[in-house]
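Reader: I would like to go through the terms used for this structure. Please set each value against its definition.

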Amino acid sequence: MRLSQMLFVTLREDPAEAEIPSHKLLLRAGYIRRIGSGLYAYLPLMWRVLKKVSQIVREEMDATGAQECLLPQLQPADLWRESGRWDTYTQAEGIMFSMTDRQQRELGLGPTHEEVITTIAKDMIRSYRQLPLHLYQIQTKFRDEIRPRFGLMRGREFIMKDGYSFHTNEESLKKTYQDMAQAYSNMLRRSGLQFRAVDADSGAIGGSGSQEFMVLAEAGEDEVLYTEDGQYAANVEKAVSMPADAEPSPFAAFEKRETPGTETIDKLCKFLKCSPTQVVKNVLYQAVYDNGITVLVLVSIRGDQDVNQVKLLNELTKLADNYQAKTVLFLTVPDAEAQRKWAAKSLPLGYMAPDVADDYIAGSKEVNSKFLRLVDRTAVDLTNFVTGSNESGYHVVGANWDKEFPLPATVVGVRTAKKGDRAVHNPEQTLQSARGIEVGHIFQLGTKYSQAMGATYTSEQGEEMPFVMGCYGVGVSRLAQSAVEQSYDKDGIIWPVAIAPYHAIISIPNLSDAQQVEVAEKLYAELNQSGIETLLDDRDERAGVKFKDADLIGIPYRIVPGRSLKVGKVEVVERATHKSHEILVDEVNSTLKQWIDAAIK
Ligand code: ATP
Ligand code: MG
């Protein structure tokens, strides 16, 4: 491609809308253009990158025996009602764009495809003989993200590879799951990324496991906790660890104390001169179940610990039956506005005890009249602890479970693991923390969807059995931007060779020099012919401008037919290192070929 003929517009200044380096660079270098919130045009250079990433993904998927297909993006609401996800996806998570057609039929724009694929399996897979089967597609997904940001990292329209596998049993699922873990590692390694596979939350779906593939970068929205021995790595949403030991309590007798202005643990511990490990704090949450019932949840947890909302949500989902519900739609910390809807009188916030009375709740058809009281494991063994007194400005000290306060019946593990905690597998290892960008997620689904949608096959014994399923996603467009986030310098992008839009760029320093033009044209034709994807910067611009642009767009090798033409050579500059080589014109092709092969491996 000749730059003179290409849609090639670079920006000198950092665009104001962009916060992180990769987003700024992709905009500045003319790879993407914002069309609306979370909506981007992939311009020609970007599209080449995306096609290369897709091709790597495709090759690794095909190598496992998975088959590519393409499913409709418009999905009938009925399918989502069958799986029970229509309400959650259009209301609670609100992530699915939905619409009504001219025949008044409801439709959703696909955020994911479990429903569609399960319907296909239900219709087409009759017998165990057809299993296992793995179908995948590479396609645009739509999600009405509440906070689209960072360019392609969190868009409302983005490219995903999603695959779904069907099995007769868990063992077969586990084999495909392992194959996928390997395929995902291959994809990321081949794309030139530094990454880590981590244990992930499998949420309400349960199932026996899920892993995320995290590209390590400061701008990552996820926190990863890991140990240096390489034995443990998990998303903080899922991570477990051993909490620090509690210090023995200095309070021997039960007593109510005036503790003015101590609504935070910090202030309280300063005031009482005690350790937060001797405090039971009581945190209020509000859960709305899918049948519309609101439940007020009081979590008692040790003062130095924080509640992990993902873990809490999973516990509340397990308790849904108690409220004749299936799932939790919303889980929030109720603000003043939310409290107005159900609080019978004003709550002693900051001073609540584990036994705060149920008559603070004005029960109704929609609001359960009793607190759901949960106690985290860290608080169960405390003795002579400090906690609230249910009266503003006062706490109690020297309290004990089953003496002053009944121990809540439901004991849960909802504490957040954090950096510095001791690891469970080996207490000598402490958890380290890193930021990560989730580019892939693999999942053992089990029979959640097949059971809900009645998708069965006939087993060898002639029984109707639900499919055992797995699902596997890669954010293709997010992956491409992650590569930039991991690889740039002050001059611009440094693409890994395997996914660079072009391998080389020939920058002609002076268009009026006939020899320069002639050599450039010759190399341009020759390199492209031999499969080295090459750009020709034949624009009527100063050499300095051309070099700057070549650096900004991050093409791995820049070829400059300049002064050394006198001795039959051109300059070849490596983008990543700025290292310059003088190479005989006749040897440019073979040299580049070698370099590229070595870089792609
Ligand atoms: P996240 O937690 O980042 O919102 P998710 O867990 O909802 O992602 P999945 O449903 O597992 O995402 O989708 C598979 C992959 O698709 C993710 O691992 C991610 O790489 C990509 N992805 C998800 N949402 C977006 C988005 N809004 N923009 C770009 N890529 C996305
Ligand atoms: Mg995910």
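Reader: Which residue stands opposite Ser-300 in β17?

Author: Val-375 stands opposite Ser-300. This is a predicted model, where local features need pLDDT of at least 70, side-chain atom pairs count only at pLDDT 80 or more, and totals for chains, interfaces and linings use all residues. Residues are numbered from 1 along each chain as its sequence is written, chains are lettered from A and ligands numbered from 1 in the order in which they are written, and side-chain values use heavy atoms, with hydrogens and water left out.

Reader: What makes β15 and β17 a pair?

Author: Strands are DSSP runs of E, at least two residues, numbered from the N terminus (helices: H or I, at least four). Two strands pair if DSSP finds at least two bridges between them. β15 (residues 294–302) and β17 (residues 372–376) have four bridges, in the parallel sense. So they count as a pair.

Reader: Why are β16 and β20 at the edges?

Author: The open sheet has five strands in the order β16-β14-β15-β17-β20, with mixed pairing. β16 (328–332) and β20 (410–412) each have a single partner strand, so one side of each lacks a neighbour in the sheet.

Reader: What makes β29 and β30 a pair?

Author: Four bridges join β29 (residues 557–560) to β30 (residues 569–574), and the two run antiparallel. Tyr-557 has Glu-574 in β30 as its bridge partner.

Reader: Which strands does helix α13 touch?

Author: Contact means heavy atoms within 4.5 Å. Helix α13 (residues 514–529) touches β27 (504–507), β28, β29 and β30. Its direction makes about 160° with that of β28. Axes are lines fitted to C-alpha atoms, for helices over the stretch in contact, and angles run from 0 to 180 degrees between N-to-C directions.

Reader: Which residues are closest to ligand 1?

Author: Arg-143, Glu-145, Arg-154, Gly-155 and Glu-438 are the closest of the 14 that surround ligand 1. A residue is near a molecule if one of its heavy atoms lies within 4 Å of it.

Reader: Why is the approach of Glu-145 to ligand 1 a polar contact?

Author: A polar contact is a pair of N or O atoms within 3.5 Å (within protein, one must be able to donate a hydrogen and the other to accept it, and residues adjacent in sequence count only if both atoms are side-chain atoms). A polar side-chain atom of Glu-145 lies 2.8 Å from a nitrogen atom of ligand 1, so the pair qualifies. For a polar backbone atom of Gly-155, the distance to a nitrogen atom of ligand 1 is 2.9 Å.
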